[in-house]
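Here are some notes for a colleague who is opening this entry for the first time. Please read them with the structure in view.

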Number of protein chains: 2
Amino acid sequence: MQLLLEKVESQILASGGKRSRSRSAVIAQFFRCGRHVSVEELTRLVKKRSPAVGSVTVYRTMKLLLRLGYVNEVDFGEGVTRYESNMSSHHDHLVCKSCGVVTEFIDSRIEELQSEVAHKHEFRPLTHRLDIYGYCRKCDSERDVPEMSV
Amino acid sequence: MQLLLEKVESQILASGGKRSRSRSAVIAQFFRCGRHVSVEELTRLVKKRSPAVGSVTVYRTMKLLLRLGYVNEVDFGEGVTRYESNMSSHHDHLVCKSCGVVTEFIDSRIEELQSEVAHKHEFRPLTHRLDIYGYCRKCDSERDVPEMSV
DNA sequence: CTTGATCATGAAATTCATTTTCATGATAGC
DNA sequence: GCTATCATGAAAATGAATTTCATGATCAAG
């Protein structure tokens, strides 16, 4: 973790940037907390330890990590951008519409079929996004009570 | 087409709404033009025939069609919401990062594997979104000339 | 066909996430 | 320590989408 932070900072140095307290705090907090954080959530967490850090710096730091390739931007249609670490390999998402919990998965058969479909359409695939929306087990069981249909 | 418009309007009537020139113009234009239109694009098209119609009405009309189940909102990470007709059945997207052309596809094997993965995670899937980003054949061949890497 | 209640409209104002501006503070390298 | 350059936070700006509000259109009932 400390090693990771140093690696990121040295890469910032190498690309013409400088070290800074606020930035280190944001980066460390990001890698410390779970995945799929929004800027607002991350700002709140950072402010606990470093109250002076504003959300603008968090925005800027996440864009910096994006440029350096350490994070991905993800968007589950909530109107906010979320960030996930790019350290782990590619994966897809199961998003619970009730509690918001995001589970990651990867299925090589799906990946292969995607390539196949793309090439069938003479399309060169670079990236993709597969998000499945529904209810996790916990929220699904809580919904057992039938609702008035619309 | 005319039948579709009448069907939509009668459903609006049934749900307590009223008929209006502007609204008909927006709805007709939406079904007339291709898929995956943004509000800005649609407004521009509507204004050609009905210059008085403002974008607010287009926004409102698309939300209305969404409530009535005639359209889906899609988002390809451009910062704008696009609308597609919900008349055709579910499909996924191949999005060209160069020219923006969107090709639809459906692969039942991928659909099945998605259900399988979801259930393996005790997750009840409701909807999903699979967008593959890359280059269509035309844009890919134009990119053959190597570029300066960044 | 007139009336009256209700819905729809456009312009302007508002919201909200994100980005930019700008004056000031911190850092690296000499 | 100096100095050029980068980073910062507050406030302003942006841009998509929504709401407000006064006015116009539409429908159903007389």
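1. R19(A) and E9(A) form a salt bridge, with 3.6 Å between the closest N and O atoms. E9(A) belongs to helix α1 of chain A, while R19(A) sits in the loop between α1 (2–14) and α2, so the pair ties together parts that are 10 residues apart in sequence. Please keep in mind that this is a predicted model.

2. The axes of α1(A) and α2(A) come within 10 Å and cross at roughly 135°. The two helices are therefore oblique to each other, and the crossing is right-handed. On the α1(A) side the contact is made by L4(A), L5(A), V8(A), E9(A) and I12(A). On the α2(A) side the contributors are R23(A), S24(A), I27(A), A28(A) and F31(A). Sorted by class, this contact holds seven nonpolar residues, one polar residue and two charged ones. E9(A), the salt-bridge partner of R19(A), is among the α1(A) residues in this contact.

3. Helix α2 of chain A (residues 21–32) has a further contact, with helix α4 of chain A (residues 55–68); the angle is about 65° and the axes are 10 Å apart. That angle makes α2(A) roughly perpendicular to α4(A). Here too the crossing is right-handed. From α2(A) come S22(A), R23(A), V26(A), I27(A) and F30(A), and from α4(A) come T57(A), V58(A), T61(A), M62(A), L64(A) and L65(A). The residues of this contact are seven nonpolar, three polar and one charged. R23(A) and I27(A) take part in the contact with α4(A) and also in the contact with α1(A).

4. In chain B, the helix pair to look at is α3 (residues 39–49) and α4 (residues 55–68). They pack at an angle of about 120°, and their axes are 9 Å apart. Their crossing is right-handed. V39(B), L42(B) and T43(B) of α3(B) meet S55(B), V58(B), Y59(B) and M62(B) of α4(B). This contact has five nonpolar and two polar residues, and no charged residues.

5. How much area do chain A and chain B bury between them? The figure is about 3,300 Å², with 60% of it on carbon and sulfur atoms. In chain A, the residues that lose the most area to chain B are F123(A), R124(A) and R129(A), which together account for 20% of what that side buries. In terms of residues, 36 of chain A are in contact with 36 of chain B.

6. Charged pairs also occur between the chains. Eight salt bridges are found across the interface of chain A and chain B. In one salt bridge, the side chain of D140(A) meets that of R124(B), at 2.7 Å from N to O. Over all chains, the count of salt bridges comes to 24.

Notes. Residues are numbered from 1 along each chain as its sequence is written. Chains are lettered from A and ligands numbered from 1 in the order in which they are written. This is a predicted model: local features need pLDDT of at least 70, side-chain atom pairs count only at pLDDT 80 or more; totals for chains, interfaces and linings use all residues. Side-chain values use heavy atoms; hydrogens and water are left out. Axes are lines fitted to C-alpha atoms, for helices over the stretch in contact, and angles run from 0 to 180 degrees between N-to-C directions. Helices (H or I, at least four residues) and strands (E, at least two) are DSSP runs, numbered from the N terminus. Angles under 35 degrees count as roughly parallel, over 145 as roughly antiparallel, 65 to 115 as roughly perpendicular and the rest as oblique. A crossing is left-handed if the near helix is turned anticlockwise from the far one by less than a right angle, and right-handed if clockwise. Contact means heavy atoms within 4.5 Å. Ala, Val, Leu, Ile, Met, Phe, Trp, Tyr, Cys and Pro count as nonpolar, Asp, Glu, Lys and Arg as charged, and the others, Gly among them, as polar. Buried area is the accessible area (1.4 Å probe) that two parts lose on being put together, summed over both. A salt bridge is a side-chain nitrogen of Lys or Arg within 4 Å of a carboxyl oxygen of Asp or Glu.
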